[in-house]
Amino acid sequence: MEIAMVAIRPLLPKLGNLLVGEFTLENRVRKRIESLLMELTLMHAALRKVAKVPHEQLDEGVKIWAGNVKELSYHMEDIIDGFMLHVGDGGEPTNPENKVKKLAKKTRKLFKKRKNLHRISHAFEEAVGQAKQLAELRQRYEQDIRYIGASVNADPTGVSVDPRVMALYTDVTELVGIAEARDELVTMLLEGDGWSKHPLKTVSIVGFGGLGKTTLAKAAYEKIKVQFDCDAFVSISRNPDMKKVFKDILYELDKNKYASISNATLDQRQLIDVIIDFLTNKRYLIVIDDIWDEKAWQLMKCAFSKNSIGSRLITTTRIVSVSEACCSSRDDIYRMKPLTGDASRRLFQKRVFSNEEWCPPEFVQVSKGILHKCGGIPLAIISIASLLASNRQIKTKDQWYALLNSFGRGLTEDHSVEEMKKILLFSYYDLPSYLKPCLLYLSIFPEDQIIMRGKLVWKWISEGFVYSEIQETSLYELGDSYFSELVNRSMIQPIGIDDEEKVKVCRVHDMVLDLICSLASEENFVTILDGTERKLTNLQSKARRLSVQNSKVNMATICMAQVRSLTVFTNDIVHQLHKVSTFQVLRLLDLEHSPISDTAYVGNLLHLRYLGLKYNGLEELPMEIGKLPLLQTLHISGNSKKELPSSIVRLRNLMCLCVGGGMKLPFGIGNLTSLEVLVGPVVACTFNHHLVKELGHLTRLRVLQFLWENLDESMCKAMVESLNNLRKLEVLDIYIKGGHVDLVREGWVPPPQLRKLSFNTPYCQFLTLPGWINPCSLHILSYLKISLDEVRSEDIQIIGMLPALRYLVLWVDDSVLEKDMVEIFVVTPDSFPCVTECHFNYIPAVPSIFPRGAAPRLKHLEFTFPAMWISRGDIDLDMRHLPSLENVDVVLSKYGATDVEVKEANAALRAAAVDHPNNPRISIY
């Protein structure tokens with residue numbers, strides 16, 4: 001239902017815009033638009049109710065009705081967009097007053113021609129007719145909608161057996177790999193000899209659906225409950241009845257005393273008071289399983305006093321923010337990990353062959369493939385094992401391979417895997433309506449595909465999934481928050497963390513991919529062409545989004561007229577890509593995985609919002625790119641020393657321009673006033689001041705990353721002037737090959753929201769630390785990379801007081817290590833509070849510069865030091881006071897040192913690392 005809502009949502013304001021007085025619409029056309037707008041508004045309201053109901057509980061007629069609403073909405077939006085492109089000037093800046101005037105002027109001209117008037121009139125007449133038919137269906141199903149809307153809170157996933165219940169009654173002896181995790185959890189709960197004298201402690205287990213959170217909580221609960229006066233294990237649901245939850249807790253605490261509690265007529269406050277009264281002066285152990293909502297937890301915890309000495313609470317959840325709300329410290333969160341490869345293999349073999357150490361040779365290879373897809377998720381392994389050995393009959397090797405090839409493509413259909421899907425559907429149905437299309441969109445990616453966060457968000461924007469009625473809202477920031485929420489809800493797997501400790505790269509677990517491929521296919525949301533024999537419905541023959549993953553596909557089987565999105569993951573269908581020119585309403589074209597030599601046809605794709613190309617193979621970027629008035633994102637991967645086409649400066653709606661290294665900016669770049677991200681281009685030394693000044697016109701820029709070939713004095717002053725205009729800048733990353741970078745030290749006032757600052761200038765340093773690097777000016781800066789000609793003790797201290805700094809790279813001239821005397825800096829105990837990684841290149845910053853209390857989160861330290869100074873034995877190399885240290889890199893300067901001194905220095909450094917409780921990895925160069 002959310003997909004139909006996504007289709008209607010952008011259409012409603014567009015219909016409203018057609019009704020403004022400046023448009024010279026005939027009265028009959030205006031009435032048709034008004035009628036269509038009213039009916040679609042009612043349909044949108046009805047869909048909001050239906051969206052609360054799990055898909056399988058809906059009547060088939062309601063599903064068909066919603067699908068037809070979606071198709072009608074897509075069709076009308078395509079017509080209106082085409083109409084606006086002919087009437088308006090899509091390349092002009094989005095100034096409402098100018099746009100209305102220009103639209104009105106062109107509309108009067110256009111409607112003088114009867115042919116154009118007849119075309120738009122006929123389209124609305126046809127749409128109104130369809131809308132009336134859908135209105136009759138809506139009225140017919142309204143009773144069903146009201147009924148299911150009222151009953152959805154009762155059981156959002158139907159009446160079948162809840163797989164979580166079975167986890168409560170699983171014999172621990174049947175499980176593999178749980179003992180170690182159980183003991184870790186018990187240690188967290190009962191840490192220290194005097195644990196029973198400490199106040200109430202809550203430990204939260206968080207992880208992906210199917211990882212075994214309930215099973216682990218139950219195993220720990222059973223092992224330690226005898227050490228408590230009373231105990232309870234209660235599972236709740238997505239939409240819990242809180243009175244029932246409190247009654248269940250009381251019944252579990254004392255089954256005799258509260259045998260009839262379910263019949264008691266008590267409100268929530270009274271039930272909380274009863275629990276508090278019962279638990280007074282008792283040491284208790286209570287497990288609250290499967291919490292979905294922070295508000296539910298805030299109410300539940302009212303029943304548990306913090307002064308309950310020696311008591312323990314265990315919570316489980318799939319949502320990271322809920323686990324953080326449950327605990328007073330992140331150290332009390334137990335993050336579930338997938339089973340190791342060995343544990344996965346043993347669990348699988350035990351389930352299939354009743355012997356965890358044996359597998360028939362003919363099944364060894366296919367077993368590895370299946371376990372790879374299961375990704376260490378116990379429920380997935382158990383489900384697949386049950387499928388392969390049903391009724392004590394092991395399936396044939398061919399059947400095993402057939403199953404292997406079906407996973408991750410939405411093709412798996414068997415009762416044995418339904419329980420796994422049901423677990424995942426709990427998470428899917430709990431998503432807000434705006435997140436469901438974003439998750440289903442991930443079905444376009446092949447299994448194990450690496451997905452870049454930034455590109456994904458821009459694709460969501462181009463598809464219309466990121467929407468706000470508030471004009472000032474940054475669509476990228478909103479979409480970026482959607483990504484974070486999917487990570488928070490464990491629906492996507494973070495696999496790459498950047499230097500600011502932000503998830504940069506993710507992937508989709510094969511089991512989730514299998515589910516969303518199935519859902520996306522049912523909704524005709526995405527059509528996947530991967531060489532499998534998929535059954536295409538009539539709706540899918542009118543595909544809206546195509547993902548081409550196999551070179552053997554025949555795109556001729558798909559009706560191209562309605563295609564809005566085309567993503568190609570294979571390089572062997574180049575001969576078919578000329579057909580893209582017939583995709584008249586295409587909004588997204590991603591060919592970065594498919595090198596092509598000719599892209600002139602892109603000039604015909606007037607609806608395009610996102611264009612991704614790979615430069616390798618292209619002789620020139622087409623001038624036709626400038627004909628795309630609605631283009632928002634242009635990604636060009638691959639290296640080239642050529643100039644971007646001059647026509648690019650006509651793309652007034654362009655928000656993101658990312659190009660491969662070496663590509664040069666054209667004159668007129670200052671016209672791109674909607675630009676928020678500019679990454680990768682070269683500003684050449686031969687360019688005049690005009691281009692540098694044009695950068696200052698891009699006042700919406702949040703991210704600016706470019707290479708400057710040579711920065712002379714006058715150009716540097718012009719750059720400072722331009723940078724001072726960019727007050728929304730969050731990331732500034734400049735690589736300067738040579739020149740007068742020190743001039744930036746004076747005159748630039750960094751914007752207050754700057755998060756990342758990188759002057760990548762190893763051959764071009766600042767003379768001293770710029771004055772604008774201070775805690776007051778850069779209070780949220782988390783990344784700093786800078787090269788200085790000279791570093792002073794006070795410079796290190798100033799940098800150390802940056803409150804949000806996490807990543808630091810500080811360079812100085814390497815000649816400093818050739819001096820007879822080396823100054824060792826010392827900072828204050830409150831410095832570097834958030835730093836996790838420090839690189840002091842050619843700076844003698846041994847660990848002892850940090851007194852106890854400083855750099856409490858430092859994980860990775862790099863520094864340089866003369867070997868001859870260490871070998872004398874009077875340099876303190878102790879690093880035990882850095883509690884989080886994991887990696888140490890040392891560049892050992894051999895200047896003036898003998899071979900013996902180098903060996904002694906090497907041994908002393910390694911001894912210091914061994915002496916640290918974490919035993920950090922040390923590398924010496």
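Q: Why is Ala855 called buried?
A: In this predicted model, Ala855 has a relative accessible area of 1%. Buried means under 20%, so Ala855 counts as buried. Ala855 is found in the loop between β22 (837–841) and β23 (860–866).

Q: What makes the backbone of Ala855 worth a remark, in terms of phi?
A: Phi of Ala855 is near 45°, which is a positive value in a residue other than glycine.

Q: Is Asp290 buried or exposed, and how do you know?
A: The relative accessible area of Asp290 is 3%. The limit for buried is under 20%, so Asp290 is buried.

Q: Why is Thr836 called buried, and where does it lie?
A: Thr836 has a relative accessible area of 9%. Since buried means under 20%, Thr836 is buried. Its place is in the loop between β21 (807–812) and β22.

Q: Which residues is Thr836 in contact with, leaving aside neighbours within four places in sequence?
A: Thr836 is in contact with Glu501, Arg806, Arg857, Leu858, Lys859 and His860. Contact here means heavy atoms within 4.5 Å.

Q: Why does Leu707 count as partly exposed?
A: Leu707 has 22% relative accessibility. Buried would need under 20%, exposed would need over 50%, and partly exposed is in between. Leu707 is therefore partly exposed. It sits in strand β17 (residues 703–708).

Q: How many residues apart in sequence are Leu707 and Ile734, and how far apart in space?
A: Leu707 and Ile734 are 27 residues apart in sequence and 5.8 Å apart in space, C-alpha to C-alpha.

Q: What makes Val692 count as buried?
A: Val692 is at 1% relative accessibility. The cut-off is under 20%, so Val692 counts as buried. The residue belongs to helix α23 (residues 689–695).

Q: What does Val692 touch, not counting residues up to four places away in sequence?
A: Val692 touches Trp708, Met715, Ala718, Met719 and Ser722. For Met715, the separation from Val692 is 23 residues in sequence and 7.4 Å in space, C-alpha to C-alpha.

Q: Why are α14 and α15 called oblique to each other?
A: The axes of helix α14 (residues 341–353) and helix α15 (residues 361–374) cross at roughly 120° and come within 11 Å. Roughly perpendicular covers 65 to 115 degrees and roughly antiparallel needs over 145. The α14 and α15 pair is therefore oblique.

Q: What is the hand of the crossing of α14 and α15, and which residues make the contact?
A: The crossing of α14 and α15 is right-handed. Ser344, Arg345, Phe348 and Phe353 of α14 make the contact with Phe363, Ser367, Ile370 and Leu371 of α15.

Q: How do you know whether α15 and α17 are roughly parallel or antiparallel?
A: α15 and helix α17 (residues 397–406) pack at an angle of about 20°, with axes 10 Å apart. Angles under 35 degrees count as roughly parallel, so α15 and α17 are roughly parallel to each other.

Q: Which residues of α15 and α17 meet, and what is the hand of the crossing?
A: On the α15 side, Glu362, Phe363, Gln365, Val366, Ser367, Gly369, Ile370 and Lys373 meet Lys397, Trp400, Tyr401 and Leu404 in α17. α15 passes α17 in a left-handed crossing.

Q: At what angle do the axes of α20 and α21 cross?
A: The axes of helix α20 (residues 453–463) and helix α21 (residues 475–488) cross at roughly 115° and come within 9 Å. Their crossing is right-handed. Among the residues that meet are Trp458 and Trp460 in α20, and Tyr482 and Phe483 in α21.

Q: What makes α9 mostly covered?
A: Of the 12 residues of α9, 10 are buried. Lys213, Leu216, Tyr221 and Ile224 are among them.

Q: How does the reach of α9 compare with the span expected at 1.5 Å a residue?
A: Helix α9 (residues 213–224) reaches 17 Å from its first C-alpha to its last, close to the expected 16 Å.

Q: What share of the chain counts as buried?
A: Of the 925 residues, 56% count as buried. The chain exposes about 39,900 Å², with 50% of it supplied by carbon and sulfur atoms.

Conventions
Residues are numbered from 1 along each chain as its sequence is written. This is a predicted model: local features need pLDDT of at least 70, side-chain atom pairs count only at pLDDT 80 or more; totals for chains, interfaces and linings use all residues. Side-chain values use heavy atoms; hydrogens and water are left out. Helices (H or I, at least four residues) and strands (E, at least two) are DSSP runs, numbered from the N terminus. The expected span of a helix is 1.5 Å times one less than its number of residues. Buried means under 20% relative accessible area, exposed over 50%, partly exposed in between (1.4 Å probe, protein chains only). Accessible areas come from the Shrake-Rupley method with a 1.4 Å probe; for residues, only the protein chains shown count as cover. Axes are lines fitted to C-alpha atoms, for helices over the stretch in contact, and angles run from 0 to 180 degrees between N-to-C directions. A crossing is left-handed if the near helix is turned anticlockwise from the far one by less than a right angle, and right-handed if clockwise.
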